[in-house]
Amino acid sequence: MKKLLVVSCVCDDKFAPISLYLMNNHLSDVVAGVNTKAKELDAEIMYLLPEGSQVDGMEGYVRYVDASSPTLNNPYAVVQVLSGNLPRPMIQDDFVAEYDNKEVVVITPEEAYAIQCGSEDKFVAVTADGETEIKKVSAGTSVAEIADVDGAKAILVGGSKGKFILPQDGENTKVEATESFNSIVVYKTSDCMVDACVQLMNQAYEASCGKCVLCREGTSQFKQIVTEMTTGKAKATDIDLIKEVSEIITVGAYCPFGQNMTKPLTSAMELFADEFADHIKKKTCKCGKCYKAATLYFIDPDECQGCGDCIDACPEEAIEGKDGFIHIIDQDLCEQCGKCVAACDEGCIKSATKLPKLPRKRTKVGKF
Amino acid sequence: MATVNLTIDGKSIVADETKTVLEAALDNGIYIPHLCHHDDLHPNGGCRLCVVKQDGVDGVITSCSTKVKEGMVINTKDETAEKVRKLSCDLMFKTHPSECVGCPKYGKCQLASISQYVGDSGRDLRQQKLPLIENEENPLMLHEMYRCILCGRCVRACSELRGVGALKFEKVDGRMKVVINGNSLEEAGCQFCGACVEVCPTGSIRDKVGVFKDDPGLSREMKLVPCSEGCPAHINVPKYIRFIKEGNFPAAAATVREKAPFPESLGYICVHSCELQCKRNHLDGPLSIRNLKRFAASQDDGSWKAKAFQKDATGKTVAIIGAGPAGLTAGYYLKKLGHEVTIFEKLPKAGGQMRYGIPSYRLPREVLDREISEIEAIGVEIKCNSDIKSAAQLKAEGYDAVFVSVGTHAGNRLPLPGNDLENVYLNADFLRAINLDNPLPVGENVVVLGGGNVAIDCAQSAVRLGAKHVVMTCLEAPDKMTASDEEVTWAKEEGIIVENSRTFDAIESVDGKVTGLTVTGIEGLKFGPKGPEFTRIPDSTVTFPADTVIFAVGQHPDIDEEFGLELNRGRVVTTEGHKTSVAGIYAAGDVVTGTRSVIAAIAEAREAVCEIDRYLGGDGNIEENLAPEQLANPCIGKNEELTKTHRTEPSVNDADSRKCNFEPMDLGFDGCKAGCEASRCLQCDLRVQISPQKFWSDYAAEEGGQQ
Ligand SMILES: Cc1cc2nc3c(=O)[nH]c(=O)nc-3n(C[C@H](O)[C@H](O)[C@H](O)COP(=O)(O)OP(=O)(O)OC[C@H]3O[C@@H](n4cnc5c(N)ncnc54)[C@H](O)[C@@H]3O)c2cc1C
Ligand code: SF4
Ligand code: SF4
Ligand code: SF4
Ligand code: SF4
Ligand code: SF4
Ligand code: SF4
Ligand code: FES
């Protein structure tokens, strides 16, 4: 069967937009590397670029797709996308991914560049203060030399599949010529690590191709549980739950993305255990990021008349109560929408960042 | 084929090198849980239930997508692997209803079964219930995607097996979903093949209630191919329709003949109960199965004869009484089984009601003659003009077995004043006389009592004999008549007036000559144990003028006690296996069931033949493959126009040209119409090709119950 070498510029990690950088800045090297590989395989070449991107001087067979996924370095995932489906990898021995009656082989611009220029050069995307800059460094350079780690709180090395390290370890963390060093993200002391994990888990949920249960549902669970840590719903046991579940996902997920997507979260939980504990147990955020929006609503037990007017106002059906009894908002169900406040003519639905003492069981009006 | 040696759970296994670890394990009675895997589909690797430990490999491997290799050592009960499975199961149920109560799939659900096997770790993961959206908008199938666990089998079946691609994955509000690739299944090019339903392990994609019979006694094939099930003889309908589509008409005819020796006659007059069951009823109307059969049978080239079985003579003799479809069918197969057959027929020619009841404008006699001569050609002897008075006596004359199929040849006469006047006829006598070329005289005004197909035959025959005004009247309302809509329409086109919802009071006469029929309007008709119940509408009594009255209110067998068999309300009583009260005498067809249909008579005769053959020492096997092998291509591709077609209608002679003669009126299909209609078939049998879903208990059972 004929072969088709697809140059995938759509499988970059969110934090490491290296493919397009290489295409725009080192096109001739990439093309030379691709051509060498194509010759070796006796393959036709297709460049797969993200919809809307523009590469000056690009020639040859180019396809633009409205997809980007960490799985798009897998030939089957590429074939799916070329056929108009969502990307989903297939990892199976002697499986041949076919497109247009050709066997698909995938190469990234980075791999192509390495064929042409050797792998001494390493491109690293460094993100600090919301700005990303791509730097060319040589393997062996330390993280501290590449990014300004002074006064940082933590450094995420390797993006969505990477790990958090402390700034003091930046010195002896040396960049290797592997994917795990494609990006370095610097977090400031004012950044909340729990909030950072919420962002990371949202991204992981979006990036998961959804093929396998562990990664699809795992990202969805993590996203919810970590978010709950910032709104006061999480439980103390959730830390162990995440650790235990992550371990299993690392072994059991189908592709490298799923196997590694838990690492930023688990490494943050390890390095910043106190910060996580404060969020869960004390329901406070030292950085003031979380719990801000998360005003907690409660019904003042001393003022409630037990009329029940508030019950229907709550779209989550979080208000519980019976005629003549003090009404209570179930904090597990409450979504902090605040709609109940106006429903109470007596003005006894109030908000605070910390809940006062409230009745635990059904209590008659005036008996609390 | 090369094989490799491996060890699974300590058991040495030799497996074909093309197998996966999962297949090798299952083949050897070692059960590994699996859910996204389906025997007929590409591996997916999504459910993570099939993970196992391989010695020397870190972590776990996916057994459904890993090929066996020489020397592999596999542990399926590995602790880590079991943890992965349990977590996967836990996670699946976080988005799935936690209770199976009320789920129609319960009891047949692979997910429920597997979760019992794998168990639950009781982790405090979050419930993320999906909105309970039921999509019943599409015909035939419904989608309740809140039960979907995204195993992707449906998507794979639709694209890999069918080449349709009507289903796809899509992220909806961030969550992965299986969705229709368009606004509706029709728009997505769905062929309504049901493959997605067949492979779905959960209750999320299901057949709508009523599409298939929910009868646990039915075989999988009969359940899934409703037309074949609806046919009393279970003719392989989709197979012959496919032959027609391919243009191989003789093969189609041969397929019909595998189950019935009257393919072409059936093509003209079959009551087509298959069409009532056809899945396309739920789309845009059933296939015109009977007309397809008729066209194919007309193109028969006899090539099936070379494949027909003929057993050696057994020396046994069988007498058959009555040469209707039941008797002729029985004679045909008994002769093929090697028995000496003699059929005794009272009337001058063979054919039963196909000749002496059904008018020739519906079934040309050349067609019938040709099919009967096929039966005579293999050596079945038919003795016409032989009225047999007693079956028991015939048996006593030395036949090894007797088969009674004398049909229902005496018309029912209602107890009305004037019912015995001259020019008051019974259906059976009236139609028989026409076919004996000696029709009973009809006047200008004819009234037919009855609302079934036989009444229509009498009315239309009266028109053809020269009657000027023909009225049909019956108890039933228009929508409750037993005659088919099509036949009522044709009758009306010929000027026949249908007077519904009337009870008959008296046949009026003057000087012994019929002058009319007095009837009264009724309402609230019900059929109770004692017959019809209704209320008479006051002041609605009228008299239809008539000089001829025909009773078409049913027939009964023309036999009595003298026949020597136990009777019940005039019909021969049979027990299991078509046995009568006398050993060695069997009966089937109308004489047992009352007037039904040609195909029912044929189907019952075939069953009786098997019994008789076994009684005579044979194996009772009359199955034969007369048609060539057929490779049904399951990859049917998209069809956005599927429901834009309509049932093809036959060409029919107009009323004026047909009502003055007994020539065929319904001209059926030509090759072009037949091909067009055949391509409407949904090929329901393709679904039977798909491997049925298995449960872990099935594998355990195969292994003699270990597990
Ligand atoms: C008017 C009419 C129209 C019909 N139209 C249709 C139709 O369109 N489609 C359809 O599927 N079905 C139709 N039917 C029903 C169908 O014809 C019968 O169900 C079918 O023919 C029954 O087959 P049988 O072999 O059991 O009996 P029959 O066909 O009745 O055959 C019985 C035979 O036994 C002979 N016989 C009776 N007594 C004796 C005796 N004592 N000795 C020797 N021979 C004897 C009779 O002469 C007859 O030839 C119709 C029936 C009638 C009456
Ligand atoms: S691990 Fe995640 S990204 Fe990889 S196949 Fe599974 S669902 Fe897709
Ligand atoms: S909170 Fe207000 S509205 Fe609700 S029951 Fe109490 S008094 Fe009534
Ligand atoms: S699909 Fe299966 S597991 Fe789900 S509710 Fe129905 S029977 Fe239970
Ligand atoms: S074509 Fe078949 S498999 Fe595909 S959606 Fe329609 S019925 Fe299901
Ligand atoms: S609908 Fe059924 S077959 Fe399709 S993905 Fe969902 S569970 Fe699997
Ligand atoms: S669509 Fe075809 S196979 Fe299906 S029931 Fe109708 S005739 Fe039979
Ligand atoms: S059966 Fe192997 S992953 Fe689902």
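**A guided tour of the predicted model**

Visitor: How many helices and strands does chain B have?

Guide: Chain B has 25 helices and 29 strands.

Visitor: How do you know which features can be read, and how are things numbered?

Guide: This is a predicted model, where local features need pLDDT of at least 70 and side-chain atom pairs count only at pLDDT 80 or more, while totals for chains, interfaces and linings use all residues. Residues are numbered from 1 along each chain as its sequence is written, chains are lettered from A and ligands numbered from 1 in the order in which they are written, and side-chain values use heavy atoms, without hydrogens and water.

Visitor: What is the mean pLDDT of chain B?

Guide: The mean is 95, and 99% of the residues in chain B reach 70 or more; pLDDT is the predictor's confidence in each residue, from 0 to 100. For the complex, the predictor gives an ipTM of 0.83 and a pTM of 0.87.

Visitor: What makes Ser220(A) a buried residue?

Guide: Buried means under 20% relative accessible area (exposed is over 50%, partly exposed in between, with a 1.4 Å probe and protein chains only). Ser220(A) has 5%, so it is buried. Ser220(A) sits in helix 7 of chain A, residues 213-229. Leaving out residues up to four places away in sequence, Ser220(A) touches Tyr205(A), Gln128(B) and Arg175(B), where contact means heavy atoms within 4.5 Å.

Visitor: Why is helix 8 of chain B called largely enclosed?

Guide: Eight of its ten residues are buried, so the rest of the structure largely encloses helix 8 of chain B. The buried ones are Val237(B), Pro238(B), Lys239(B), Tyr240(B), Ile241(B), Arg242(B), Phe243(B) and Ile244(B). Their cover includes helix 7, helix 9 (249-257), helix 12 (289-298), helix 23 (671-678) and helix 24 (686-689) of chain B. Across chain B, 57% of the 707 residues are buried.

Visitor: Which residues surround ligand 7?

Guide: They are Pro226(B), Cys227(B), Pro238(B), Ile241(B), Cys278(B), Lys279(B), Leu287(B), Ile289(B), Cys681(B), Leu682(B) and Cys684(B), a residue being near if one of its heavy atoms lies within 4 Å. Two or more residues each come from helix 7 (226-230) and helix 8 (237-246) of chain B.

Visitor: How do the residues of the shell around ligand 7 divide?

Guide: Ten are nonpolar, none polar and one charged. Here Ala, Val, Leu, Ile, Met, Phe, Trp, Tyr, Cys and Pro count as nonpolar, Asp, Glu, Lys and Arg as charged, and the others, Gly among them, as polar. Around ligand 3 the division is six nonpolar, four polar and two charged, with Cys304(A), Asp309(A) and His327(A) among the surrounding residues. For ligand 4 it is six nonpolar, three polar and two charged.

Visitor: Which residues have the most contacts inside the largest nonpolar core?

Guide: Met229(A), Leu265(A) and Phe276(A) do, in a core of 106 residues. A nonpolar core is a set of buried Ala, Val, Leu, Ile, Met, Phe, Trp, Tyr and Cys residues joined through side-chain atoms within 4.5 Å. Helix 6 of chain A (residues 193-207) gives the most to this core, eight residues. Another core, apart from it, has 74 residues, including Ala254(B) and Leu334(B).

Methods:
Helix = DSSP H or I, 4+ residues; strand = E, 2+ residues; numbered from the N terminus.
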